[in-house]
Structure formats: structure tokens, C-alpha cells
Amino acid sequence: MGEVGGMLTRGGIQSMFFTQTIVILALSLGGLLKTLGILPALLEGMRDKLTTAGQAIFAAAMSALSINVLIGEQYLSILLSGTAFRPTFERLSLHPKNLSRTIEDAGTVINPLVPWSVCGVFISQALEVPVLEYLPYAFFCYLSLLLTILFGFSGITISRLDKQS
């Protein structure tokens, strides 16, 4: 049958049940924390204390990373961090693409490195390799986060809005 045939006949929807359950539970937990106002209150408490682009990018990245690690769902980390930090980036005259790139690098790209996240569980099951075993080889995942923070503090690749607009 071959290796490809073996991968395609491993149980279909039944073999994906655990991953689907993780997605449903993560979205439920995230929705609960948002509806109760817990996550927005935590994020809003720090938002107004940010006065530089580096601080704003670092805080947005750590917010997306924390939500990703706590909840295990990349879409919630993007949604909650993006919503919470948009006014801060506007106040600091930072182009919205800076926020988009920051939460992408700290939310989506980091998700495969979290063992209980949706991506981590899926990749681990599909490749039959534990997350901690492929972690040292996932250079892109952790270097994206480090470079985003470094560029935020150094000002490299940071776009600003024109004051006239």
C-alpha cells in the first residue's frame, strides 16, 4: 500500500476527533474568558501605559503569545490581541500592518510549538513526533517572534502613519 496510502487510510474523521475536540474546547474557553470580560480587562490595564513603538510591539507580542499558551488557540490570540492593541497602535501613529505582523508572529507562528495547542496536537499526531522533539528544528517559529521584538525596539521595518492622513 505504501506510506502515502497508509497516511490516507488512518481512520479519517475518527482519527481527527481529538484535534476537533481541542478546537471546540479552546474556542469555548476563549469565548467564556472574553464574554466574562477577563481577558479584555487584563489587556486593557496595560494598554495605556505603552508610550513607544517597541513597548507596544513587545506588549502585543507577549499578549498574543500568552493567550496562545494559555488557551492553545491561535485565532483567539490574534483576535483578542488585535482588538485590544489597535487603539494603542493608532495613538502611537503606527501603521496597522505593524500590529498585524506582530500578532501573526507571536500568535499564529508560535502555535505549533505549544504542545496542547490545536496546531501542536495536529502536527504531533500527523507526524507521530512529539512537539518537544521537533521544537529545536522549528527555527522559523521562534526566530519570527524574536526578530519582531528586536525590530520593534530598534525601529527597523516599523511603518508609521502620516500625520496628514
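A pocket here is an open set of points on a 1 Å grid over the protein atoms alone, with protein on both sides within 12 Å along at least five of seven lines, and lining residues have an atom within 4 Å of a point. The volume is the space filled by probe spheres set on the points, which are joined across faces, edges and corners.

This is a predicted model, in which local features need pLDDT of at least 70, side-chain atom pairs count only at pLDDT 80 or more, and totals for chains, interfaces and linings use all residues. Residues are numbered from 1 along each chain as its sequence is written, and side-chain values use heavy atoms, leaving out hydrogens and water.

Now select Gly82, Arg86, Phe89, Glu90, Leu94, Pro96, Leu99 and Ser100, and you have the lining of this pocket. Colour α5 (74–91) and α6 (96–108) next: each supplies at least two of the lining residues. Helices are DSSP runs (H or I, at least four residues), numbered from the N terminus. The largest share, four residues, comes from α5.

Next stop: the cavity. The count comes to one cavity of 30 Å³ or more, where a cavity is a set of points that a 1.4 Å probe fits but cannot get out of. About 40 Å³ of space lies in the largest cavity. Select Ile57, Arg101, Thr102, Thr148, Phe151, Gly152, Thr157 and Ile158 to show its lining. Two or more of these residues come from each of α6 and α9 (139–154), and α9 gives the most, with three residues.
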